[in-house]
Amino acid sequence: MKNFVVYDNTGCIQRYGSCPDDMLALQASDGLMVMEGIGRDDAHYVLNGAIVARPQNTAQLAGMQLMIVPVPATIRINGIPYQSTDATVDLDFTYPGSYTITVAAFPYLDKTFTVTV
Amino acid sequence: MSNVDPNIAGTPIQLNSNDLSALMRGDPKLPSIGNPASGDAAMLQAVNAIKEIVETREGRRGSALDQTVTWRDLFANGLAQFNVNGESFSASSSVGAVSMAVDGALDVTVPPAATGFSATGALASIVLTWDDPGYGNHAYAEVFRAATSSLTDAVSLGTSRSRFYVDSVNGVATYYYWVRFVSTSDIAGPYNATLGTLGQTGTDPAKALALLTGEESSPYFGAFPFIVLNSATTINGVAVPAGVYVGDAFISNGTITNAKIGNAAIDDAKIANLSAAKITAGDIDADRMSANIVAATTGKFSTLSALTSSLGTVTIGSTGFLRTTGATAYATGVGIWMGDDAGTYKFRIGDPAGNRIQWNGTTLTVVGGGTFSGALSAATGTFAGSLSAATGTFAGSLSAATGTFAGSLSAATGTFSGSLSAANGTFSGTLTASAVNAVDTINIAGQAVTIPLSAYTDADAAAFKGSYTTVQQVTITSTGAPIAIISSVYNSFGSALIRLVRDSTVLFQTIDPYPNLWAQFAFSLSDTPGAGSHTYYLQAMQSSSSSASQASLGKRSIVLLETKR
């Protein structure tokens, strides 16, 4: 048995798993690549042929503002994605409540904040 | 030295260590060939011819062109080189194409001087004897003779591998003798003494009597039947010692202190001690025979005993056997027994009721364990005890109580009632064990076990209305056995429909509308796709009833288990 990761041309791990030795090459589909190794899509990526840890996300929450947001980034608010091209993002909520905000910017690790309005 | 063609090519000639020693000693002192004084005419002619041939080849007479060339000559003239244990050497810098090799190691121990040397004269010969050489690498004894007791005048008479030598002098003769031993390395020891040992033949009574009675100048001319000579005399230049000369004597009972007999025909002789250069007998019956060397074309012994023996080829009869004292038969008595047992060739070493190794004609049995530091090959094998080997190959079955193989183990089948340890092993047949404890991995041919194959992705993937999107996939090469499929997904945003597709065949799908938002959805099913490569796709499509911009699916998992057993 071999552990494998399937990744795209940016190094983003699409999936990982294990398979018999002779089925390793079969796991790569069109446009994707497979390599033997142990890695998770939420913690690693492939850089220069090696599986390495994804870097820490620089985003910070200050009040109702996200700062040092990697550019570009996808900001999901309660699962709804919004694309961002700014390092500083102002948050504005119509209705009071608790909101889960996730900043995703590959290869950075996703970072999640909770805002209560 | 005549010219010799230096361009002699040939196959190297193997010499022994004696020859190298001979080379180092220099030219041998070969005896000259004397002129035979009298004898049969044909014999004289033959001897003279031999003498001429030898002297011509030695270069002592005739043309130098007819002289033979020895290897010593070639070496001395730089036309040959010798190889000794891989090293070559020659007499000069010019080395010819001829080479020789000397094998074996040289023992340069000097033999001891001979002891007990004596010379006893008969009528026509002088018998030389000496004590047993008694040293390990004895080759032969070399005998020298001179007319005076001066070693410088002595010439080599010949050699003997026994403890005596007969010098056939053919008449009245007086000589002085020496002897020395020569080892197998051609190392000669010292002479037995500085002064020679006197050897004299006795007077031939018949010849003396003929002189006394047949010569007119003799005072006893015509006198018979015996003559008493009070003092020595000389007749026609021949010395005749004093004594009693009898023509024909018929003795009923005689006692002789010292007898020299030229020819004797004896009906029955009892001899306390007999020394002979040669004994020709039809049958020799003795309680004990002691000899330096016994050479025989064939030998038959009812019982042959020896403290130690060094034998070349030993052949026993087709129905015979070899055994140690205690092993009285193939299956009886502790010891070694080998030979014919009731028409079958067998051997047994050890205790027939205990530890042993034996072959009964069809089966090799080892009781007490076996250790093979090298390879062990057998069609089948049964070991009641332990079996240890570096490697082992069994074309048939292998059975043992326990087994330890430091290297690889190969067998068609194997049965171990106890433990089996090996660095690695190959069984082309059946391996039966009460339990198999794998430290690392058990690799079974054809992967004939349940094969798990999985893929997982934690991050969300997006799915939209109108068409399915693959959110996870895994490819398997199936042998045709059923595949158990376990899949799960977490719908974190926007309702979605889920389906499982194998290649292009939909195996499973949920029904629209799909109410289980924000839930981990899992399902399992079985599929038999047939042998070959197949890809399973986990796909999602945003529900038509969803008001979100998209559906998000995370923690996407597919696990395949091809169940062969």
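The sections below treat chain A, the interface and the charged residues in turn.

**Basis and fold of chain A**

The structure discussed here is a predicted model. Chain A has 12 strands and zero helices, so that its elements, read from the N terminus, run β-β-β-β-β-β-β-β-β-β-β-β. Of the 117 residues in chain A, 40% are buried. Among contacts in chain A between residues at least 6 apart in sequence, 44% join residues that are at least 24 apart.

**The contact between chain A and chain B**

Chain A contributes 21 residues to the contact and chain B contributes 23 residues. The area buried between the two chains is about 1600 Å², and carbon and sulfur atoms give 51% of that area. The count of salt bridges between chain A and chain B is zero, whereas nine residue pairs are in polar contact between them, with both residues of each pair at pLDDT 80 or more. On the side of chain A that touches chain B, the elements giving two or more residues are β2 (13–19) and β9 (80–84) of chain A. β2(A) gives the most to this side, with six residues. The residues of this side of chain A divide into nine nonpolar, seven polar and five charged.

**Salt bridges within the chains**

Over all chains, the structure holds 10 salt bridges.

| Salt bridge | Closest N and O atoms |
|---|---|
| D42(A) with R40(A) | 3.0 Å |
| R54(A) with D110(A) | 3.8 Å |
| R145(B) with D167(B) | 2.8 Å |

In the pair formed by D42(A) and R40(A), D42(A) is partly exposed at a relative accessible area of 30%, and R40(A) is likewise classed as partly exposed, at 38%.

The salt bridge between R54(A) and D110(A) has its closest N and O atoms 3.8 Å apart. R54(A) lies in the loop between β5 (50–53) and β6 (60–62) of chain A, and D110(A) lies in the loop between β11 (98–104) and β12 (111–116) of chain A, so the pair ties together parts that are 56 residues apart in sequence. R54(A) is buried, with a relative accessible area of 10%, while D110(A) is partly exposed, at 39%. R54(A) and D110(A) also belong to a network of salt bridges that links them with R76(A).

In chain B, R145(B) forms a salt bridge with D167(B). R145(B) lies in strand β7 (residues 138–146) and D167(B) in strand β9 (residues 164–168) of chain B, so this pair ties together parts that are 22 residues apart in sequence. D167(B) is buried, with a relative accessible area of 5%.

**A buried aspartate without a salt bridge**

Which side chain of opposite charge is nearest to D8(A), and how far away is it? D8(A) is buried yet has no salt bridge, and the nearest side chain of opposite charge, R15(A), is 10 Å away. D8(A) lies in the loop between β1 (2–7) and β2 of chain A. The side chain of D8(A) makes a polar contact with the side chain of Q14(A), at 3.2 Å. Leaving aside neighbours within four places in sequence, the residues in contact with D8(A) are Q14(A), G31(A), L32(A) and M33(A).

How values were computed
Residues are numbered from 1 along each chain as its sequence is written. Chains are lettered from A and ligands numbered from 1 in the order in which they are written. This is a predicted model: local features need pLDDT of at least 70, side-chain atom pairs count only at pLDDT 80 or more; totals for chains, interfaces and linings use all residues. Side-chain values use heavy atoms; hydrogens and water are left out. Contact means heavy atoms within 4.5 Å. Buried area is the accessible area (1.4 Å probe) that two parts lose on being put together, summed over both. A salt bridge is a side-chain nitrogen of Lys or Arg within 4 Å of a carboxyl oxygen of Asp or Glu. A polar contact is a pair of N or O atoms within 3.5 Å; within protein, one must be able to donate a hydrogen and the other to accept it, and residues adjacent in sequence count only if both atoms are side-chain atoms. Helices (H or I, at least four residues) and strands (E, at least two) are DSSP runs, numbered from the N terminus. Ala, Val, Leu, Ile, Met, Phe, Trp, Tyr, Cys and Pro count as nonpolar, Asp, Glu, Lys and Arg as charged, and the others, Gly among them, as polar. Buried means under 20% relative accessible area, exposed over 50%, partly exposed in between (1.4 Å probe, protein chains only). Lys and Arg count as positive and Asp and Glu as negative; His and the chain ends are not counted.
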